Amino acid sequence: MENGPEIFLELYFGWTLGAIFILSFITFFIYLKVRESSFLYYSIYTLFLNLYIGLKAFMHYNIDDADFHNSSILVAVNWSLQFIYYLFYVQFIRAFFNFKINAPKFDVFIKYFMWAMATACTVFVFIIHFIVSKNVADTYQIYLQFIVYFYIPLFVIFGVYGLYKASKLNILGKNYIIVGSTIYVSSAIISTYFSVTEELYAPLRIFMIGVVIEFVFFAIALGMKVYQVFIQKNEYHQKLIVQLEENKRLIEYNNEILTNKIELYTKKEIELEFKNKINKLKSKVFRSQVNSHFIFNILNSIKGSIVNNNKENAIDYLNKFSKLIRNILNHSLEESVTLEKEIEITKLYVLLENLRFENQIDFNLKVDKNILSTNSIKIPPFVIQPFVENAIWHGLANKMGKKTLKITINKLQDELEIIIKDNGIGLLKSMEIQKNKIIKHKSIGIDITKERLNIFAQSSTKGYSLIFENIGPKNNSKGTKVIINLPLKTIES
């Protein structure tokens, strides 16, 4: 008959494994609802943690220490599970604090660190299992030394620095994550110490105590995260409802005016006026959406500099951003702007984005010599920016080495031709990367721009065209080219 401590330990193992499984299921269910990546990574982390603790508990009750130490397969699986759940734990922390936006340089360091650790652990397991496994009696000790002298020290240093960076961010629930992580890592180190010294019976229970405490803190933090996502979505829905109601009132107002003019105009004149008013209404709605989409990306740039305490960059960003906002506000109610103003806005946008890339992008804008005055040609406002944004974020951002972006504006008889060309990863590769992403992103800006180009061209006998070209073959792409042809309109016309 089992003694009291063994029964208690067995019940504790079972209770903890059940709690971890339930938490893994709940967080995965929440991820399916809110599509927040931190919940997905936490669910995977808890799943592998559950497998690790379950295997350790199984070996504790069913396999003698001698049999375990002489089984290279069990040893390899045991330590491999530990490597894997630690990597997903780091991914969870990275997603929860959104380091990609809040600390982009540190986020790049995290990715390189994770790849390096994953490679080192994979190579180590391969060497131990297939090369050193002939001396299986020492395999367990080799794994233990690898953990004690390499794996834990690196992860502790990395973890302390990561939590320090996280403490500087204004993230809801960050203190719970920091405290929970500290207790969790401390319990892992203490458990490993007693595993090495063998001064304590079943040292895994110390680690499990830390895991349970960590779960309590993390559950609170994740709950706050769910609440925050809910509030943000609710605010977005409320703004959307207000916008739709305003659009409805505008349409009703225009319908009322048209109804009052039925007796004064012929049927053809009424239809033409109605069509023009609807087009103007669409244009204003589209502009309000594209402006918010455009401004959101620039605000993230400013936020990144402020969070990183880079005061000079932040001030430079704000000065240029204020100039950009002034241009947007001045032209937000206009049906068209001069080509000169559009060029000014485009240059300012690229300059702001290039600051984020530490001026790595070689930008060139060339105007055809046949265009004598850019101040006399009309063009829809903010029509170039979405394509430039796509070129930077989907083409150049994923390219290593020299980055170039070239805009050419030509006059072709009764057409204005705008060519946006980059030497990024190419249209096909960009679409492939987007297809493989867990969270899809649809470019609203380009869809809106197509509608606005259509409206701009409707008052002309000539339409517009928009062509996307991948430069070079798919396996050796030289970049992407976008060609926009729209009717040539002047201030006089």
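Biologist: Does Phe 382 count as buried or exposed, and what is its relative accessibility?

Modeller: Please keep in mind that this is a predicted model. A residue is called buried when its relative accessible area is under 20%, and exposed when that value is over 50%. Phe 382 has 4% relative accessibility, and therefore it counts as buried. Phe 382 sits in the loop between β3 (377–379) and α13 (385–396), and its phi is positive, at about 60°, although Phe 382 is not a glycine.

Biologist: Which other residue has a positive phi of about 50° although it is not a glycine?

Modeller: That residue is Asn 98, which belongs to the loop between α4 and α5 (99–102). Asn 98 counts as partly exposed because its relative accessibility is 35%. There is also Glu 358, which comes just after α12 and takes a positive phi of about 55°.

Biologist: How should I read a nonpolar core, and which residues of the largest one touch the most other members?

Modeller: The general idea is a set of buried nonpolar residues joined through side-chain atoms within 4.5 Å. In this model the largest nonpolar core has 59 residues, and those touching the most other members are Leu 49, Phe 92, Phe 97, Phe 99, Tyr 151, Phe 155 and Phe 207. Two or more residues come from each of α1, α2 (37–62), α4 (72–96), α6 (104–130), α7 (139–167), α8 (174–197) and α9 (204–260). The largest share, twelve residues, is given by α4.

Biologist: What does Tyr 151 touch, if residues up to four places away in sequence are not counted?

Modeller: With those left out, Tyr 151 touches Gln 82, Phe 83, Tyr 86, Met 117, Cys 121 and Phe 146. Phe 150, which lies in helix α7, is in contact with Met 117, Ala 120 and Gln 145 once its neighbours within four places are set aside. Phe 150 has a relative accessible area of 30%, so it is partly exposed. Leu 163 also lies in helix α7, but its relative accessible area is 17%, and so Leu 163 is buried. Beyond four places in sequence, Leu 163 touches Ile 178, Ser 181 and Thr 182.

Biologist: Where does the model show a nonpolar patch on the surface, and which residues form it?

Modeller: The patch is formed by Phe 21, Ile 22, Phe 25, Ile 26 and Phe 29, which together have about 540 Å² of accessible area. One of them, Phe 25, lies in helix α1 (residues 4–34), and Phe 25 counts as exposed because its relative accessibility is 56%.

Biologist: What span should helix α12 have, and what is the distance between its end C-alpha atoms?

Modeller: At 1.5 Å a residue, the 18 residues of helix α12 (residues 339–356) should span 26 Å, and the end C-alpha atoms are 26 Å apart, so the two values agree. Among the buried residues of α12 are Leu 339, Ile 343, Leu 348 and Leu 355.

Biologist: How many helices and strands does the chain have?

Modeller: The secondary structure comes to 15 helices and eight strands. The chain has 493 residues, and buried ones make up 43% of them.

How values were computed. Residues numbered from 1 in each chain as written. Predicted model: local features only at pLDDT ≥ 70, side-chain atom pairs only at ≥ 80, totals over all residues. Heavy atoms only, no water. Patch = residues over 30% accessible without salt bridge, like charges linked within 9 Å, V, L, I, M, F, W, Y side chains within 5 Å. Areas by Shrake-Rupley, 256 points an atom, 1.4 Å probe, with all protein chains shown as cover. Salt bridge = Lys/Arg side-chain N within 4 Å of Asp/Glu carboxyl O. Helix = DSSP H or I, 4+ residues; strand = E, 2+ residues; numbered from the N terminus. Buried < 20%, exposed > 50% of the residue type's maximum accessible area, 1.4 Å probe, protein only. Expected span 1.5 Å × (residues − 1). Contact = heavy atoms within 4.5 Å.
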